[in-house]
Amino acid sequence: GKPINREAAMKLREQGKATHVKGLNYDIFLDGNRWPTVGQGAAQMANDGKDFAKNNSKFVIKYDLAAGGDRCFLKATEDIKAGEEIFVSYGRGFWQNLTGKNNMAPDP
């Protein structure tokens, strides 16, 4: 997805379109892809196992000197066999968005 600022993230939230927004830090958010996009990596297909499966990966945010900013990656937290689904916590911001709470703080 594309990096966006806090103002843009809040606007997406108000419009009910923040379903794939991930806070990288307080001011920068990632507006993730809503549909599979060639060249964007398999992380866009990961689901949250909340309430039905154990998450087997986590988001990792690293500064990319070449890109001049933070990038978001998925890192396996256990062995994942070929064909197994990848689960990652979407974070409290995602679930608060579904309940109408307005907290776009990055996850700890």
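Author: Happy to! Of the 108 residues in the protein chain, 28% count as buried, where buried means under 20% relative accessible area, exposed over 50%, and partly exposed in between (1.4 Å probe, protein chains only). Please keep in mind that this is a predicted model, in which local features need pLDDT of at least 70 and side-chain atom pairs count only at pLDDT 80 or more, while totals for chains, interfaces and linings use all residues. Residues are numbered from 1 along each chain as its sequence is written, and side-chain values use heavy atoms, with hydrogens and water left out.

The protein chain has two helices and five strands, and from the N terminus its elements run β-α-β-β-β-β-α. Helices (H or I, at least four residues) and strands (E, at least two) are DSSP runs, numbered from the N terminus.

Now to the side chain itself: Asp48 is found in the loop between strand E3 (28-31) and strand E4 (57-64). Asp48 is buried yet has no salt bridge, meaning a side-chain nitrogen of Lys or Arg within 4 Å of a carboxyl oxygen of Asp or Glu. The nearest side chain of opposite charge, Lys50, is 6.9 Å away; here Lys and Arg count as positive and Asp and Glu as negative, while His and the chain ends are not counted.

What does the side chain of Asp48 have beside it, then? One of its polar atoms lies 2.8 Å from the backbone nitrogen of Lys50, and the backbone nitrogen of Tyr90 lies 2.7 Å from a polar atom of this Asp48 side chain. Leaving aside neighbours within four places in sequence, Asp48 is in contact (heavy atoms within 4.5 Å) with several residues, including Phe87, Tyr90 and Trp95.

For contrast, look along the loop to Lys54. The side chains of Lys54 and Glu78 meet in a salt bridge, at 2.9 Å from N to O. Lys54 lies in the loop between E3 and E4 and Glu78 in the loop between strand E5 (69-76) and helix H2 (92-99), so the pair ties together parts that are 24 residues apart in sequence. Lys54 counts as exposed because its relative accessibility is 63%, and Glu78, at 34%, counts as partly exposed. The count by this rule comes to one salt bridge.

Note on methods. Polar contact = N/O pair within 3.5 Å; in protein donor to acceptor, adjacent residues only side chain to side chain.
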